[in-house]
Structure formats: structure tokens, C-alpha cells
Amino acid sequence: MSEATTTTNHEVIRNWAEARGGRPARVRQAEGGSDLLRIDFDPPEVSLEEIGWDRFFEVFEAQKLAFLHQDLTEDGQPSRFNKFVDRD
């Protein structure tokens with residue numbers, strides 16, 4: 001796998017997601033649970049619910065997350081690999 005990068009920069013995260021057709025989302029759950037953020041791609045995941053970027057980054061900051069992502073695969077194609085990790 002190519003190198004992964006970690007960022008907390010909202011613009012970098014949004015640009016990375018949108019360049020790959022990704023949308024801000026959270027895991028569907030019962031009311032009152034804490035939000036689990038995800039980037040959703042087509043076809044949409046049934047277990048995810050799309051949310052706006054403002055809400056997405058509100059939760060991102062409140063939970064003190066960082067975005068771990070890969071720009072390119074080993075063969076040079078745009079990668080969709082990403083995950084949310086705790087900030088250190």
C-alpha cells in the first residue's frame with residue numbers, strides 16, 4: 001500500500017472526499033447515540049446516512065478526530081482508503 005497521511009484540515013478532507021465522489025456521512029443508529037463519521041461513496045451504503053459538511057466537521061472537532069487517508073494506490077490510481085483516528 002502507498003503511504004497514508006493524517007490531517008485535521010477541513011479543506012483537505014473535503015477536497016479529498018469530493019475528488020473521489022465521496023459524501024460526508026454517519027452510521028445510522030438509534031437517536032441519542034454518538035455519531036460515527038464515515039465518507040460514503042457510490043453506491044451508497046445502506047448503513048450510512050448522509051449529513052452536511054457543517055455537521056460533519058462539528059462532530060469531527062467535538063470528538064477530536066484526525067483523518068487518515070491515502071492519495072494513490074500502489075499502481076497510481078486514486079485511493080479511497082480512509083479512516084478516522086484519535087488525535088494524539
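Is Phe84 buried or exposed, going by its relative accessibility?

1. Phe84 counts as buried, at 19% relative accessibility. The cut-offs here are under 20% relative accessible area for buried, over 50% for exposed and partly exposed in between, with a 1.4 Å probe and protein chains only.

2. A quick word on what you're looking at: this is a predicted model, where local features need pLDDT of at least 70, side-chain atom pairs count only at pLDDT 80 or more, and totals for chains, interfaces and linings use all residues. Residues are numbered from 1 along each chain as its sequence is written, and side-chain values use heavy atoms, with hydrogens and water left out.

3. Now the rings. Those of Phe, Tyr and Trp (its six-membered ring) pair if their centres lie within 6.5 Å; planes under 30 degrees apart are stacked, over 60 edge-to-face, the rest tilted. That gives 9 aromatic pairs. Take Trp53 and Phe57: their ring centres are 5.4 Å apart and the planes sit at 20 degrees, so this pair is stacked.

4. Both Trp53 and Phe57 belong to helix H2 (residues 53-62), 4 residues apart, or about one turn of the helix. Helices are DSSP runs of H or I with at least four residues, strands runs of E with at least two, numbered from the N terminus. Trp53 is buried at 10% relative accessible area, and Phe57 is buried at 10% relative accessibility.

5. Back to Phe84: its ring centre lies 5.7 Å from that of Phe56, with the planes at 65 degrees, so the pair is edge-to-face. This one links distant parts of the chain, with Phe56 in helix H2 and Phe84 in strand S6 (residues 82-86), 28 residues apart. Phe56 is buried, at 0% relative accessibility.
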